[in-house]
Every structure is written in structure tokens, then in C-alpha cells.
Amino acid sequence: MDEAFCYRDGELCCEEIALSALARRLGTPLYVYSANAIRARYRALARAFGPHPPLVCYALKANHNLAVIRTLAALGAGADTVSAGEILRARRAGVPASKIVFAGVAKTDQEIRLALEEGILQLNVESAEELERIAAIASSTGRTAPIALRVNPDVAAATHEKIATGRRHDKFGIDLADAPALYEKAASLPGVEPVGVHLHIGSQILDLAPFERAYARAVELVRGLRARGLPIRRLDLGGGLGVRYGEEGPADVRAFAELVRRATAGLELELVLEPGRFLVAEAGVLVASVIYLKETGSRRFLVLDAGMNALVRPAMYGARHAIAPLRAPRPEDELLEMDVVGPICESSDIFGRDYRLPRLRPGDLLAFRTAGAYGMVMASDYNSRPSPAEVLVDGARWAVIRRRREPEEQMANEEIPAWLEEPGR
Ligand SMILES: Cc1ncc(COP(=O)(O)O)c(C=O)c1O
């Protein structure tokens with residue numbers, strides 16, 4: 001599809017809806033997602049693989065809103081989950097258990113039980129310790145858990161330090177060198193059936209070469225395991241495809257599909273992909289209001305009603321999101337340099353320095369682009385500010401898919417112990 005977010009009659013729109021109309025009606029901060037942009041991404045990825053695409057298990061961690069999951073599930077997507085909560089969300093949104101994979105470094109007994117009861121496609125095992133735990137729980141309930149070991153290929157993806165996961169010193173997965181023995185062990189344990197190999201090397205990856213190196217190692221492992229008589233039938237290649245935050249991106253899906261084809265040629269394998277960011281990041285914006293344009297002797301600060309409580313990526317990873325005023329700047333508008341900051345009492349509550357924007361006034365609206373992934377899911381109640389609401393736009397239709405959480409609701413499940421209510425306290 002064409003750009004989901006573009007100016008029409010001087011107004012930034014999401015599909016056919018002017019964002020300012022939504023902001024006026026619903027207030028800000030407000031996340032707005034384009035259903036058709038999500039669909040377009042899913043289709044582009046699936047089609048790049050031709051008639052037999054891999055099972056695309058959407059990584060819920062990127063954006064776990066039920067309506068977003070449902071949009072993808074309706075196209076046939078499965079779900080990559082990392083907690084009981086995400087398994088429940090996937091099921092609630094209509095993802096069949098047979099399309100759910102469950103990863104995560106610390107699966108509790110309760111979560112393992114839920115995964116087994118639901119009968120999900122595969123549990124991705126992160127350690128020898130976890131393997132034994134899954135085997136014990138499954139065999140005690142008379143079940144067999146289909147498992148893949150998450151191997152750590154020791155490949156550095158060219159991405160941010162905090163979102164690289166596939167190097168030996170990262171906490172994720174099992175050393176490749178230890179994998180064959182652990183597979184042998186898994187094959188001998190009751191309650192587990194080793195069906196696959198899993199890996200995930202990191203997120204926001206635009207240079208595809210590290211995928212190629214990592215996948216080559218995984219394929220070598222598959223061959224080695226098969227040579228030992230272990231019938232490995234599935235390869236779960238993880239997520240990680242990058243998107244456009246600034247000038248670069250998104251990842252080239254055709255080249256990616258070609259790379260996967262090359263890496264897995266000649267092997268009969270069911271393939272699984274776990275993209276999160278790639279499917280939803282560019283399909284979402286965060287709309288915020290200007291509270292002040294504050295000028296000090298040395299700097300100019302644009303202070304918004306959204307901060308790290310609404311979108312933490314800049315504070316957490318030093319990420320920089322492009323900003324678009326909802327009213328298109330006119331050619332004669334002077335662009336000024338300003339630091340864009342949130343209202344939270346933390347120095348790290350800054351979206352970035354030296355943005356070039358027109359002289360915005362209190363009440364003016366702007367949008368942070370590429371905010372559909374790792375945005376709302378990481379939002380918090382910090383400073384007791386109302387959480388952002390979320391809206392899904394689909395052509396000319398729109399709906400609130402999550403209400404704003406006001407302070408009253410934030411306090412609703414808190415209690416003051418009775419002894420603090422005693423007189424004299
Ligand atoms: C195991 C696993 N799969 C998939 C993903 C999704 O990654 P991305 O959103 O970069 O596609 C992650 C994210 O870190 C992950 O840890």
C-alpha cells in the first residue's frame with residue numbers, strides 16, 4: 001500500500017482519518033495504528049517466500065494489543081510468545097494453539113503447564129536446566145512437549161548493544177557446541193520430543209549478513225543432528241528484521257527470503273519466522289501535544305505531554321524517532337532547532353536534541369513516527385500520568401482498542417493496610 005501516514009490537505013492522516021480529529025476527540029498521548037500497513041508488511045514478508053512461505057509467528061512483545069494480534073491472526077499469522085500472559089493474549093485474539101511458539105529465558109512451572117495444556121506448536125528451550133524442568137512437568141501430566149533448543153550461534157548483529165542477543169556472552173540460548181549432547185539428552189528424556197532448532201540473534205537488523213552467518217550455523221547443526229539419527233523437522237529462525245526510523249530501512253525482505261532459501265536449500269524443513277518490529281513498527285505513531293516551548297538562555301525545549309512513560313525507547317536505547325507535526329509545515333515556516341522532551345522528572349526523559357521543527361505553540365500536535373513496536377507495550381504509570389490510549393484505523397473506520405488508564409484506574413488495585421488507617425498514625 002501507499003504510505004499509511006501522509007499529509008492530506010495539510011493534515012497528517014492515518015489512512016483516511018486525520019490524526020488531529022482523533023487527538024481532539026480522544027486526547028493525547030495517543031497511539032494510532034494502521035491496520036492496512038500491518039497487513040501490507042505481513043503480506044510483503046510472506047510473499048517474498050513464494051508459494052510456500054514459512055509460518056510467520058508474530059512476536060507479541062512488539063505490540064500485544066488484542067486488535068493488533070487479531071489483525072495479523074486473520075491473515076494466518078501465528079504468535080511468538082514469551083510469557084503465560086502472551087500465550088493467553090494470543091489465544092484470546094484468535095491465534096490457534098497449533099501456531100504458537102513459546103520462548104523466554106525464564107519459563108516458570110505454571111507457564112510450562114499452561115503451554116502444555118494449550119497444546120502449542122513448540123516450546124523453545126533456553127537451557128539444560130529448563131529442558132529437565134519441561135520434561136519433568138510434561139511426563140508427570142502424561143504429555144509430550146514438542147521442543148526446539150534455542151541455540152546461541154555466537155554471531156554479532158550490527159545493532160544496538162541492548163538488543164543484540166546472539167553473542168556467546170548474551171544470556172540467551174544454549175552454546176552451539178553444547179547443543180548436540182543436549183539434543184541427545186532430550187531425545188532420551190520422557191515428556192519431550194526434540195522437533196526443531198531455534199535461534200534469534202537480535203532486533204532492528206538491517207544488514208542481513210549476520211542472519212546468513214547465524215543461519216548457516218543452525219543448518220549445520222540440523223545436518224549434524226540428523227546424521228545422529230535425530231529427526232529434526234523444524235527450523236525457527238527468530239525475528240530481528242529492521243525498520244525505518246531515520247533514513248535507513250526497512251530490511252529488504254526479498255533479499256532476506258533469498259538468503260533463507262540459500263541457507264536451507266536441500267533440507268526438508270518447516271520454517272518459522274518470529275518478526276515483531278518489522279510487522280508493526282512503521283504502522284504506528286504516537287501523537288502528543290505541545291505543553292510549552294520553553295526558551296532558556298542557551299537552549300530551546302519543546303515540552304510535550306508524552307514522555308518516557310509513553311515511549312521509552314529514546315531513554316532506554318538512545319533511539320531517535322522522526323517527528324512530524326500534524327499540521328504540515330508551510331514552505332515559509334522557519335525551522336528552529338529544539339530539544340524535544342517529555343514531562344517526566346528525569347533528565348533521561350528526552351526524545352532527542354536538535355530536532356528541526358517549526359515554532360510550535362501550546363496545544364499544537366505532533367506525531368512520533370515508527371512507534372508501533374516496543375512503544376505502548378513498554379509504557380508505564382511513572383509519575384502517575386494517564387497512559388496513552390490506542391486506536392486502530394482501518395480505511396475510513398477507526399476504533400479505540402485500549403482506553404487511556406487514568407490515575408483513578410491506576411490506583412484501583414492498590415490498598416492501604418488497615419494498620420496504617422489506625423488513629424494516631
Ligand atoms: C526470541 C525472539 N523472537 C522474536 C523477537 C522479535 O524481534 P523483532 O521485534 O526484532 O522482530 C524477539 C525480540 O527480541 C525475541 O527475543
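**View 1. Helix α2 passes helix α9 in a right-handed crossing.** A crossing counts as right-handed if the near helix is turned clockwise from the far one by less than a right angle, and as left-handed if anticlockwise; helices (H or I, at least four residues) and strands (E, at least two) are DSSP runs, numbered from the N terminus. The model is predicted, and for this reason local features need pLDDT of at least 70 and side-chain atom pairs count only at pLDDT 80 or more, while totals for chains, interfaces and linings use all residues. Residues are numbered from 1 along each chain as its sequence is written. Helix α2 (residues 35-48) and helix α9 (residues 253-264) pack at an angle of about 35 degrees, and their axes are 8 Å apart, where axes are lines fitted to C-alpha atoms, for helices over the stretch in contact, and angles run from 0 to 180 degrees between N-to-C directions. From α2, Ala 44, Leu 45 and Ala 48 meet Val 253, Arg 254, Phe 256 and Ala 257 of α9, contact being taken as C-beta atoms, placed from the backbone, within 7 Å. By class, the residues in this contact of α2 with α9 are six nonpolar, no polar and one charged (nonpolar: Ala, Val, Leu, Ile, Met, Phe, Trp, Tyr, Cys and Pro; charged: Asp, Glu, Lys and Arg; polar: the others, Gly among them).

**View 2. The ligand is surrounded by 17 residues.** The closest of these are Ala 59, Ser 203, Gly 239, Gly 276 and Arg 277, and a residue is near the ligand if its C-beta atom, placed from the backbone, lies within 6 Å of it. Sorted by class, the shell around the ligand has six nonpolar, seven polar and four charged residues.

**View 3. Strands β1, β2 and β3 form an open antiparallel sheet, in the order β1-β2-β3.** Because β1 (5-8) and β3 (17-18) stand at the edges, each with a single partner strand, one side of each is left without a neighbour in the sheet. Strands pair if DSSP finds at least two bridges between them; β1 and β2 pair in the antiparallel sense over four bridges, and two bridges join β2 (residues 11-14) to β3, also antiparallel. Phe 5 stands opposite Cys 14 in β2, Arg 8 has Glu 11 of β2 as its bridge partner, and Cys 13 stands opposite Ala 18 in β3. The hairpin of β1 and β2 has two residues between the strands, and in it Asp 9 takes a positive phi near 50 degrees; in the hairpin of β2 and β3, which also has two residues between the strands, Glu 15 takes a positive phi near 50 degrees.

**View 4. Cis peptide bonds join Thr 28 to Pro 29 and Gly 249 to Pro 250.** Most residues other than glycine have a negative phi, and most peptide bonds are trans. Asn 383, in the loop between β19 (365-368) and β20 (389-394), has a positive phi near 65 degrees.

Methods:
Two residues are in contact if their C-beta atoms, placed from the backbone, lie within 7 Å.
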